[in-house]
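Subject: Structure handover

Hello,

Here is the structure I promised to pass on. My notes on it follow below.

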Amino acid sequence: MMVITGKQQQVIYPLHSKLTDKEKTNICYLSFPDSNSGCLGDTQFCFRFRRSTGRKVSFCCFLDQLDRDLPVYLKKDPAYYYGYVYFRQVRDKSLKRGYFQKSLVLISKLPYVHLFRTMLKQIAPEYFEKSEAFLEAVCSDVDRWPPPIPGKILHLPIMGIIMKLRIPTYRDKPGTTPIVQNMHQVDAQISMALPTVHEVDLFRCFCPVFFHIQMLWELVLLGEPLVVMAPSPSESSETVLALVSCISPLKYCSDFRPYFTIHDSEFKEYTTRTQAPPSVILGVTNPFFAKTLQHWPHIIRIGDIKLPGEVPKQVKVKKLKNLKTLDSKPGVYTSYKPYLNKDEEIVKQLQKGVQQKRPTEAQSVILRRYFLELTESFIIPLERYVASLMPLQKCISPWKSPPQLRQFNQDDFMKTLEKAGPQLTSGLKGDWIGLYRHFLKSPNFDGWFRSRQKEMTQKLEALHLEALCNENLVFWSQKHTEVETVDLVLKLKNKLLQADREHLPVKTDTLKKLQMHINDIILALPDDLQDILLKTGTT
């Protein structure tokens, strides 16, 4: 946790925190709104920044073990940190600048936006009235938090309040959130049940542009360069996070910056005109970006995010040449033509909700379900085709290396769409084939396919282990030479190490059975070889 005053680091907790000078500089600039934002009072937002190169990344820490139980969109990216900010600016004539300006910033590898936003809302106002000792007490509370185990109900004490929450697991059905009930008051401590750890208010974020939500879903799915121009870091960060989440349960695999400034270490890299704009979503507030990024193909301009009291009027997609300044009218500026026909039903449903004054939480549920069904309709044909690349179980022999996955063939996949395409689950018409062709060239497809490839390769390794366990290995060793038997023992030991290292989906009983096979083979060998093999862990 850091305290920033006037874009200068004032204090950092815990004291043993290790951040490079470059990281500290990035944090200091990203923790303050641009001067034009005019954020008076208290403002909350978040940012994301790249970790310094050359830093040691721990591959064996406890968080990495928990990571494998998370849904893919909540897995941490070791190359990035998140910063969660609570900024206060109030008039104070006693100060030279005429304003009290201070930010309390929480740095984490975890994308738990709602959890950390709630936490800062509880502690920041009190901290601004108290001393650094208050932050020490906060850190002491956080030290007592249980490990962030997915699927468990967690109770997190923070300055007299207990936050109760559940982190999702990859086993959860997409679109469902187990209800965390409020607790009874215990020991005079107030309890607070968090309905989510990571979700933003989707409808509130998309409200200024909800006539274009389907087009925005396509742009995010395809990894197109996108800029969100907003009046404040709060609006820019929430909108970027909403965009990234709209293709869930797919993971957005490109870079995204909820709040990006001209001081960011990647500013030159992302604004250069010497090459095409990168696959990234940027949230900006500085008017300078209206000129610097005017060559970007897709720009979303939003005003102050307010929930409408009346039905929003239809807003046309605007031409990029009409976007001259950050003061341009709100809207989506792009020449992109969507592949799919517009779904009028979702727009009518949301408009009706506005007319009936339906709560924003309910509107967000409708919108999230819409995006989920759209994404699942798109991804199911891909999942079905990729599953067919898996070799049959009868092809797995204990005496040969596990078979390889068949290659992904774009033409073969396209042929499957005629009978088993998205039309089975979605009523939307349009150029689905064109959308798939575009998607197969995107970073999101690359990331998704690499993940599926890894899962299936590990499944093949696990099936190979099971095939080995079902063989009479002792009988085999008696029919072969000592050299061949020793070679088998060493290979089996390597298999066990691989299963542990790569967290292969193997039952514990299978691993125990294989270890017993190894022990039985070794005990049947001469004493001198037994001594050597019992001490040998791997080749």
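Asn26 is buried, because its relative accessible area is 5% and buried means under 20% relative accessible area, with exposed over 50% and partly exposed in between (1.4 Å probe, protein chains only). Asn26 is found in helix 1 (residues 21–30). Helices (H or I, at least four residues) and strands (E, at least two) are DSSP runs, numbered from the N terminus. Leaving aside neighbours within four places in sequence, Asn26 is in contact with Phe49, His263, Asp264 and Ser265. Contact means heavy atoms within 4.5 Å.

Two points on reading all this. This is a predicted model, in which local features need pLDDT of at least 70 and side-chain atom pairs count only at pLDDT 80 or more, while totals for chains, interfaces and linings use all residues. Residues are numbered from 1 along each chain as its sequence is written, and side-chain values use heavy atoms, with hydrogens and water left out.

**The sheet**

In what order do the 5 strands of the open sheet come? The order is 10-11-9-12-13, and the pairing is mixed. Two strands pair if DSSP finds at least two bridges between them. Strand 10 (255–257) and strand 13 (331–334) stand at the edges. Each has a single partner strand, so one side of each is left without a neighbour in the sheet. From one strand to the next, the twist averages 15°. Axes here are lines fitted to C-alpha atoms, for helices over the stretch in contact, and angles run from 0 to 180 degrees between N-to-C directions.

Strand 9 (residues 226–229) pairs with strand 12 (residues 298–301) in the parallel sense, over 3 bridges. Val227 stands opposite Ile299 in strand 12. Val228 has Ile300 of strand 12 as its bridge partner. Strands 12 and 13 run antiparallel, joined by 4 bridges. There, Ile300 stands opposite Val332 in strand 13.

In a regular strand the side chains alternate between the two faces of the sheet. Strand 12 is covered on both faces. His298 and Ile300 are buried on one side, Ile299 and Arg301 on the other.

**Helices on the sheet**

Helix 6 (residues 213–221) lies across strand 9, strand 11 (280–284), strand 12 and strand 13. Helix 6 runs at about 50° to strand 13. Helix 7 (residues 233–245) also packs on the sheet, touching strand 9, strand 10, strand 11 and strand 12. The direction of helix 7 makes about 160° with that of strand 11.

How many of the 9 residues of helix 6 are buried? The count is 9 of the 9, so helix 6 is largely enclosed by the rest of the structure. Among them are Ile213, Trp217 and Leu221. Just after helix 6, Gly223 takes a positive phi of about 70°.

Leu367 touches Ile213, and also Leu202, Phe203, Phe206 and Leu350, not counting residues up to four places away in sequence. Leu367 sits in helix 11 (residues 360–387). Leu367 is buried, with a relative accessible area of 0%. From Leu367 to Phe203 is 164 residues in sequence but 6.7 Å in space, C-alpha to C-alpha.

**Aromatic rings**

The count comes to 33 aromatic pairs. Rings of Phe, Tyr and Trp (its six-membered ring) pair if their centres lie within 6.5 Å; planes under 30 degrees apart count as stacked, over 60 as edge-to-face and the rest as tilted. Tyr82 and Phe256 have ring centres 6.5 Å apart and planes at 55°, so the pair is tilted. Tyr82 is in strand 4 (residues 80–91) and Phe256 in strand 10, 174 residues apart, and the pair links distant parts of the chain. Tyr82 and Phe256 are both buried.

Arg48 lies over the face of Phe256, at 4.1 Å from the ring centre. Arg48 also lies over the face of Tyr80, at 3.9 Å. A charge sits over a ring if NZ of Lys or CZ of Arg is within 6 Å of the ring centre and within 35 degrees of the ring normal.

One aromatic cluster is formed by Trp217, Phe378, Tyr385, Phe408, Phe413, Tyr436, Phe439, Phe445, Trp448 and Phe449.

**Cysteines**

The count of disulfides is 0, a disulfide being a pair of cysteine sulfur atoms within 2.5 Å. For Cys205, the nearest cysteine sulfur is that of Cys207, 9.9 Å away. Cys205 is buried, with a relative accessible area of 1%. Cys246 counts as buried too, at 1% relative accessibility.

Best wishes
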